[in-house]
Amino acid sequence: MTCYDRNDLGLLLLRLGTGGVLAAHGAQKLFGWFGGGGIEGTGAAMEAMGYSPGKQSAVMAGLSEAGGGALLALGLATPAAGAAAAGAMAGATAVHAPNGFFAAGGGYEYAASLALTAAGLAVTGPGRISLDHALGHAVNRGWMVPAALAVTGAATAVVVGLRNRRVREASEFGQDTLFDE
């Protein structure tokens, strides 16, 4: 019989809390649960935020959050799960960044906290109270951590960069029409 230490219990609590919040957040996007907009409503919101095409962006964000969150909570495929969730929340951070840091003012505090926690779990691992541990870490190898974070980081940089360009161009276009009168 294996005795679990406080690190294992701490990681379990962190995974369950963070994973549960992320899974619920993704379920809002995918299914409209918990007051969410579902694919249609979230797709329209994503389009308005500069993520195009909106519907596909909603599906990808929802899957990254719900899937990554559920896998984090279970402690399964932890590097990929944490990286996927961190990437989705980095995209949310980009949307909220113009509003400053604190969430009370619409800032990026909440999204950044979830992103950093998910990335930290990807790096640290799930602990011994996890499916990864029970399965002999078949989908939680050391090389998977930098690979998952690098691929997700690159994809996120491209998606957020394209979004920022769309927002900037829309802003410039809107200002040009003001001066045409």
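Q: What does Glu169 form a salt bridge with?
A: Arg165. The closest N and O atoms of the two are 3.8 Å apart; a salt bridge here is a side-chain nitrogen of Lys or Arg within 4 Å of a carboxyl oxygen of Asp or Glu. Before going on: this is a predicted model, where local features need pLDDT of at least 70 and side-chain atom pairs count only at pLDDT 80 or more, while totals for chains, interfaces and linings use all residues. Residues are numbered from 1 along each chain as its sequence is written, and side-chain values use heavy atoms, with hydrogens and water left out.

Q: Where do Glu169 and Arg165 lie?
A: Both are in helix H7 (residues 144-179), 4 residues apart, about one turn of the helix. Helices are DSSP runs (H or I, at least four residues) and strands are too (E, at least two), numbered from the N terminus.

Q: How many salt bridges are there in the whole structure?
A: A search finds 4. One of them joins the side chains of Arg128 and Asp8, at 2.7 Å from N to O.

Q: Which parts does that pair tie together?
A: Arg128 sits in the loop between helix H5 (109-124) and helix H6 (131-134), and Asp8 in helix H1, so the pair ties together parts that are 120 residues apart in sequence.

Q: Is Asp8 buried or exposed?
A: Buried, with a relative accessible area of 6%. Arg128 is partly exposed at 26%. The cut-offs are under 20% for buried, over 50% for exposed, and partly exposed in between (1.4 Å probe, protein chains only).

Q: And which side chain does Glu40 meet in a salt bridge?
A: That of Lys55, at 2.8 Å, N to O. The pair links distant parts of the chain, with Glu40 in helix H2 and Lys55 in helix H3 (residues 54-74), 15 residues apart. Glu40 is exposed at 54%, whereas Lys55 is partly exposed at 43%.

Q: Changing topic. Which residues make the nonpolar surface patch of about 400 Å²?
A: Phe31, Trp33 and Phe34. Patches take residues with over 30% relative accessible area and no salt bridge, joining like charges within 9 Å and nonpolar side chains (Val, Leu, Ile, Met, Phe, Trp, Tyr) within 5 Å. Areas come from the Shrake-Rupley method with a 1.4 Å probe; for residues, only the protein chains shown count as cover.

Q: Where is Trp33 found?
A: In the loop between helix H1 (6-31) and helix H2 (38-49).

Q: Last one: how many helices and strands overall?
A: 7 helices and 0 strands. Of the 181 residues, 36% count as buried.
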